Amino acid sequence: MNGEKNNGEGFGVPGGYFGRSAASIRNRIEWEGEHADFPVLLQSRKGDVFDVPAGYFAGNAARLENIPYPQLVSAGMKSGFVVPDNYFADKSRLLKKSGNKKSAIIISLFRSRFAVAAALVAVLAGAWIYQVYFRNAGNECKGIACVDRYDVARSKSIEMFDNDELYEMVDPQKLEKNLRGKEKNNRYDSIRVEDVLDDI
Amino acid sequence: MHPDDDSDIIELFRDESTRNGALEKLIARYQQRLYWHIRKIVIDHDDADDVLQNTFIKTWKALAGFKGESRLYTWIYRIATNEALTFLRQKKRMNTSSIHPIEHELSRNLESDVYFRGDEIQLRLQQAILSLPEKQRLVFNMRYYDEMPYEAMSEVLETSVGALKASYHIAAKKIEQMLVNA
């Protein structure tokens with residue numbers, strides 16, 4: 001222990017104890033002397049006339065330890081959440097629920113026929129949309145054969161090509177296949193390959 | 001290590017990794033002493049609570065600049081005293097609706113304060129203390145209740161020992177007469 005030299009009996013004291021103790025005793029003697037002429041004042045002295053709420057100092061210590069975090073302190077340590085008036089006072093709501101003898105309800109995903117039917121319709125519709133609008137995208141040829149007639153006609157660079165150059169770019173077999181394919185919306189699906197080439 | 005040494009707190013504070021530990025020690029060591037000192041000045045518990053918090057905030061912010069010219073506790077005690085007096089002066093300025101001084105209000109509130117458990121004599125004593133001028137009241141509380149040595153009081157209030165002794169004697173005499181005549 002960082003203290004005074006002990007007297008050999010194994011006891012030590014904090015450093016500077018005897019010096020402070022002497023000063024403290026002198027102070028006490030002086031204090032007693034000051035109040036010798038004020039007996040009523042001396043008799044009236046009572047240290048614990050003020051009280052604090054229960055647990056104040058312990059709770060306050062926790063609050064004061066947030067001082068290095070001023071933003072937390074200024075936020076007032078409140079969550080900001082509010083409840084309706086008399087929410088906690090109204091116990092009838094809780095009593096009603098606690099008095100309910102029903103057992104736990106198991107909600108089955110397959111219980112509702114409507115939900116099952118709706119899910120099936122959604123799956124089937126998705127499959128149909130995929131089949132109609134997206135599946136054929138993989139079959140799209142890369143060449144000019146798959147270009148719609150009107151797009152070709154509008155394209156100025158295509159118009160500048162002469163027939164020989166266009167013929168070289170077209171793959172007639174693929175062109176015929178696409179024109180005679182299953183696209184029902186194509187106005188020209190009944191036109192022959194030769195007629196299309198002539199128009200271009 | 002004697003608690004009044006406080007070098008352990010300063011050491012903890014200087015090291016950034018242990019700084020928050022310094023605050024915890026400070027609070028554990030001085031919270032109650034400071035609280036009771038403040039409470040005797042402002043009387044009301046909630047006001048004392050506010051002032052105590054402000055005291056620790058100011059202490060924490062200024063601790064880096066503490067030069068060790070006085071004991072740490074004396075330094076914090078001075079901060080607490082100034083905070084309490086500032087609080088009362090602000091309360092006085094805000095108390096414009098009343099023609100009575102703030103100490104009169106505090107004295108009146110004491111009678112119905114749930115956190116005051118003194119008897120009739122204690123109530124009269126507190127009311128007598130409240131009738132003293134501000135500095136005299138400080139000196140009286142520090143000497144009468146805390147038995148603070150005049151040398152330490154001199155550091156806190158930055159007043160000479162002789163002036164403090166004279167001030168206390170005048171205050172004690174005044175209150176003794178009030179209690180006798182009550």
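Biologist: Leaving aside neighbours within four places in sequence, which residues is H35(A) in contact with?

Modeller: In this predicted model, H35(A) is in contact with L41(A), L42(A), Y144(B) and Y168(B). Contact means heavy atoms within 4.5 Å.

Biologist: Why is H35(A) called buried?

Modeller: Buried means under 20% relative accessible area, exposed over 50%, partly exposed in between, with a 1.4 Å probe and protein chains only. H35(A) has 0% relative accessibility, so it counts as buried. H35(A) sits in the loop between α1 (17-34) and α2 (39-44) of chain A.

Biologist: What are the ground rules for the numbering and the values?

Modeller: Residues are numbered from 1 along each chain as its sequence is written, and chains are lettered from A and ligands numbered from 1 in the order in which they are written. Local features of this predicted model need pLDDT of at least 70, side-chain atom pairs count only at pLDDT 80 or more, and totals for chains, interfaces and linings use all residues; side-chain values use heavy atoms, with hydrogens and water left out.

Biologist: How many helices and strands are there in chain A?

Modeller: Chain A has 11 helices and zero strands. Helices (H or I, at least four residues) and strands (E, at least two) are DSSP runs, numbered from the N terminus. Of the 200 residues of chain A, 16% count as buried. Among contacts in chain A with a separation of 6 or more, 27% are between residues 24 or more positions apart.

Biologist: What makes a nonpolar core, and which residues have the most contacts inside the largest nonpolar core?

Modeller: A nonpolar core is a set of buried Ala, Val, Leu, Ile, Met, Phe, Trp, Tyr and Cys residues joined through side-chain atoms within 4.5 Å. The largest has 70 residues, and those with the most contacts inside it are L41(A), L34(B), V42(B), L72(B), F140(B) and I175(B). α4(B) gives the most to this core, with 11 residues.

Biologist: Which residues is L41(A) in contact with, sequence neighbours within four places aside?

Modeller: They include H35(A), L125(B), F140(B) and I175(B). L125(B) is one of the buried residues of α6(B). Those buried residues pack against α2 of chain A together with α5, α7 and α9 (161-181) of chain B.

Biologist: What lies at the start of α6(B)?

Modeller: There, a side-chain oxygen of D119(B) reaches to within 3.2 Å of the backbone nitrogen of I121(B).

Biologist: What covers the buried residues of α5(B)?

Modeller: The cover includes α2 (19-42), α4 (72-94), α6 (120-130) and α7 (134-144) of chain B. Among the buried residues of α5(B) are I102(B), L106(B) and L110(B).

Technical notes: A polar contact is a pair of N or O atoms within 3.5 Å; within protein, one must be able to donate a hydrogen and the other to accept it, and residues adjacent in sequence count only if both atoms are side-chain atoms.
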